[in-house]
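I opened my notebook to log what I looked up in this model.

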Amino acid sequence: MSTQDPAAAPAARRPRIATVWLAGCSGCHMSFLDLDEWLFELSKLADVVYSPVADVKEYPENVDAVLVEGAVANVDNLELIRKVRARTGAVIAFGDCAITGNVTALRNRFVTPEELLRHAYVEEADFQPQVPGDRPLVPELLPKVLPVHQVVKVDAFLHGCPPPPHEIRSLLETLLGTPGEGAAAKMGKEENGEPKT
Amino acid sequence: MKVTTLKINGQLVSASPGATVLEAARENGVEIPTLCELEGISNVGACRLCLVEIAGSPRLQPACVTEAAEEMEVQTDTERLKRYRRMTLELLFAERNHVCPVCVANGHCELQNRARENGMDHVRFPYQHPDLPVDITHDRFGVDHNRCILCTRCVRVCDEVEGAHTWDLSGRGTQSIVITDLNQPWGEADTCTTCGKCVEACPTGAIFRKGSTVCEMEHRRDRIRFITDARKKQEWNP
Amino acid sequence: MEKSELEAIADKERRARKPVCVSCCTAAGCLSANGGEVLEGLRAAVPADGADERIEVRAVGCMKLCSRGPLVRTQGPAGGTEKPPDEILYERVAPADTGALIRAAVNNVRAEHPAIDLSQPFFTRQKPIVLENCGRIEPERIESYIEANGYRALHLALREKAPAEVVKEITRSGLRGRGGAGFPAGVKWALVAKSPSERKYVVCNADEGDPGAFMDRSILESDPHRVLEGMAIAAYAVGASQGYIYIRGEYPLAINRLQSAIRTARRLGLLGGRIFDSPFDFNVDLRIGAGAFVCGEETALMASIEGKRGSPSPRPPYPAEHGLWGHSTLINNVETLANVAPILLHGADWFASVGTEKSKGTKVFALAGKIANTGLIEVPMGISLREIVEDIGGGIPGGRVKAVQTGGPSGGCIPAEHLDTPVDYESLASLGSIMGSGGMIVMDESNNMVDVARFFMEFCMDESCGKCIPCRAGTVQMHGLLKKICDGEATADDLALLENLCDMVKHTSLCGLGQTSPNPVLSTLRFFRHEYENLLVAEAIGT
């Protein structure tokens, strides 16, 4: 079964949705959790197959839609978002870090990650100035923090820092409201009348 | 009274004599997006958001400085114009560091509003992330160049309404920056009268009142209009 | 000043001429190759033994084949005994060579020094109108200009023609603006002439700034009075009494010569009050630019003259209705004004007989790039690019022409297969380029066209004034995308985005600089799209 075309899935299958946390403050997920009791409704409508709030280690195959919080800032983020893109029907940039880089991208004015680390851990340090050296423990930083759509194709954008719960709910309701028609595929169409680049 | 009759988006409308296309549109309830335009000060046609199509003109014309003419046929909202406007806004967001969630003007920002109204939901161009200063040497106000869109409203309002001409531009191209006096820190700019008109005129959170926090600062355009209306129309009650 | 006095100056000048004339180029190109010392050497080498009565050394302007400078020309006495060629043009003259050149000239023989073949197409195919005095007269001596029929056209206009007749003559000649856009000069003059403005101005735009262009500089350095005379005639025709020459600060020699030309013209009463005893007053002042390309755009230029920041304003209003300080203003480029005096002297029909149906007269080009003969050329409109590049330019030594770039950063690249295109405003425009002010850069197979576009975009980005968003921020993003393509990191999506952005910047920018900044990209995409596509990668890398 093609992951890109959920419409081809057996009609009986429950929609599979996921949320992903890249480089962000988790505020978007907090806002998601602020949906409170509606989360019970959500669990009736769809399976949440991967999320920082669910204990799943590996991003699964055949996900219909994913909310991606955070920007792409390190090699782990990069690996994960590419996997997410390959295994998901509709990728939704979830919140301002995912869409613009936002606060996460403020470090981009530093020319290199090394310069940034030196600034943060040496120049600005109050005691024991040293750059953390155990690289294998901490994922390596990318040269620049990038919004998700500059790394992989994104199908929709949900703004806000964080996006308010009611907007998350209405997006999910739109996505799940007509699962038979392949809402995920619908999200991938042209937006604003302009072909995406 | 003599009026100019023209067509805006196919609708026959009338405008006061000498009115610009923008004024004619507003008089008739048609919104044309603007950023550098501010009622009461001169227009410079710089932001290019108010470009409209005029039948018979090979070029797009800025509505803010184009005089409405008899039998003119204006289109303000074609797909092409919308595409250009979205791209203009994308260019602005990519140019400097517009981090809305930490901005005093979040929620009261014309740049943000134009993006929302014109469906600019993401920026396709790489963000430039320039390293720009913040000047908080003035007692009451500050200027954060990261949020400046170089509309020059501050320059014009300071020169034309307050008559101080504290603000001006230095540098060129994307290196342009608004400066106070001869590029001194604002707090040392002798010509500044601390009238605050630049704060009220700024479309974004670039020029702000000190002490305002995120989302808190609203621009009081009426404080500028009060003066300009009084001068132009001899209307003294705001 | 009377016409008879003018003739008296010319006569005196003619009588003072000596049989053997050695001319040394003192335009910026040769001077930068040590031409100043060559001139001094020539002067010092003239023997004080009676031969100095027969030989003179003249400091002239540009002798055109700039790449072979410093250039020294010797002209022997007419009907000399040994009958050497009348004119010999020595190339790459060093100060040490000057003694030998003078000795040879005195003895009326050819010196043992490489000389340039004057019968080659570079010289014979040119049609000098604007440059007729260039390299012939001494730019720093007004007498030399007067000897070459100087200020006769001004006299003719002031004493024998009504202003409206002058405008009509220019209109009939078909002269079009040589600054790039090719707007009919007569129409512009008529607009200003008709304006009810109580004060009017004439402005000479000498803010030449295209990379590789040096036509206006050469004219001003070699024949400054020609431009002043053109301005005075224009001022008389439109009713102005004050002129400004807006010249870029990077041209110190041209500024110097203009200043001295204005001073001497004023001293002789050829500028100032009651010129030629007519009621016409005209003064010219220089305004020196501070290195902004955008100040060549007329609204920005006027702002700069007024002492404001040199940024453009929306047109309309045009300068003819609302120019300097709100008054009606005529703005013409250096070369346009240099065409005025000959048109009045020889008539509109004579001028209109040169060139094509819609593009009359000649055009001066600064020929540069991978070409054999780099230098200044003046050719009749309608000549083919091939004749310019292959005959006059001498082709590319050991290489093949790939493209010709005209119009600088506002122009485009014309590929080799279109070399037979005639050089006129419409034909060049139909190929997505422009006539431009006269920069012409010849490129060979080693030039990557994407890199050429990137170079010009970098120029536009650096020179954007920053007033309008599409130009200020758009050029930065276009440059970034071009760089990404050059670096082999761009995808087809990036190319599509670049094309969208070019379209947007072209149609939404405030002034000509922004509107034309995508041209180098658009024209190279039109003819060399494969070069872009060859550099694309299937998927973004390096993130």
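Which residue in β10(B) does Gly142(B) stand opposite? I found Phe208(B) in that place. The model is a predicted one: local features need pLDDT of at least 70, side-chain atom pairs count only at pLDDT 80 or more, and totals for chains, interfaces and linings use all residues. Residues are numbered from 1 along each chain as its sequence is written, and chains are lettered from A and ligands numbered from 1 in the order in which they are written.

**Entry: sheet in chain B**

I traced an open sheet of three strands in the order β6-β7-β10 (chain B), with antiparallel pairing. Strands here are DSSP runs of E with at least two residues, helices are runs of H or I with at least four, and both are numbered from the N terminus. Two strands pair if DSSP finds at least two bridges between them. β6 (134-135) and β10 of chain B are the edge strands, each pairing on one side only. I noted three bridges between β7 (residues 141-144) of chain B and β10(B).

**Entry: helix α4 of chain B**

I looked up the buried residues of α4 (residues 153-162) of chain B. They are Arg153(B), Cys154(B), Val155(B), Arg156(B), Val157(B) and Cys158(B). A residue counts as buried if 20 or more other C-beta atoms, placed from the backbone, lie within 10 Å of its own; 12 or fewer makes it exposed, and in between it is partly exposed. The cover over these residues includes β8 (167-170), α5 (197-201) and α6 (221-233) of chain B. After α4(B) comes Gly163(B), with a positive phi near 75 degrees.

**Entry: a valine in chain A**

I placed Val49(A) in strand β2 (residues 47-50) of chain A. Val49(A) is buried because 20 other C-beta atoms lie within 10 Å. Leaving out residues up to four places away in sequence, Val49(A) touches Arg16(A), Ala18(A), Val56(A), Pro60(A) and Val63(A). Contact means that the C-beta atoms of two residues, placed from the backbone, lie within 7 Å. Val49(A) and Pro60(A) are 11 residues apart along the chain, with 7.3 Å between their C-alpha atoms.

**Entry: strands in chain C**

I followed β3 (residues 72-75) of chain C. β3(C) pairs with β1 (residues 20-25) of chain C in the antiparallel sense, over four bridges. Cys21(C) stands opposite Gln75(C) there. β3(C) also pairs antiparallel with β4 (residues 87-90) of chain C over four bridges. In that pair Thr74(C) is opposite Ile88(C).

**Entry: two helices in chain C**

I checked α8 (residues 185-194) and α10 (residues 224-238) of chain C. Their axes come within 8 Å and cross at roughly 50 degrees. So α8(C) is oblique to α10(C). Trp189(C), Val192(C) and Ala193(C) in α8(C) meet Ala234(C), Ala237(C) and Val238(C) in α10(C).

**Entry: where chain C meets chain B**

I logged 24 residues of chain C in contact with 25 residues of chain B. On chain C, α18 (449-463), α19 (469-486) and α20 (492-508) each supply at least two residues of that side. α19(C) gives the most, with eight residues.

**Entry: domains of chain C**

I noted that 18 residues of domain 2 of chain C are in contact with 19 residues of domain 3 of chain C. Their centres, taken over C-alpha atoms, are separated by 27 Å. The domain bounds come from an automatic or database domain assignment.

Definitions and conventions
Axes are lines fitted to C-alpha atoms, for helices over the stretch in contact, and angles run from 0 to 180 degrees between N-to-C directions. Angles under 35 degrees count as roughly parallel, over 145 as roughly antiparallel, 65 to 115 as roughly perpendicular and the rest as oblique.
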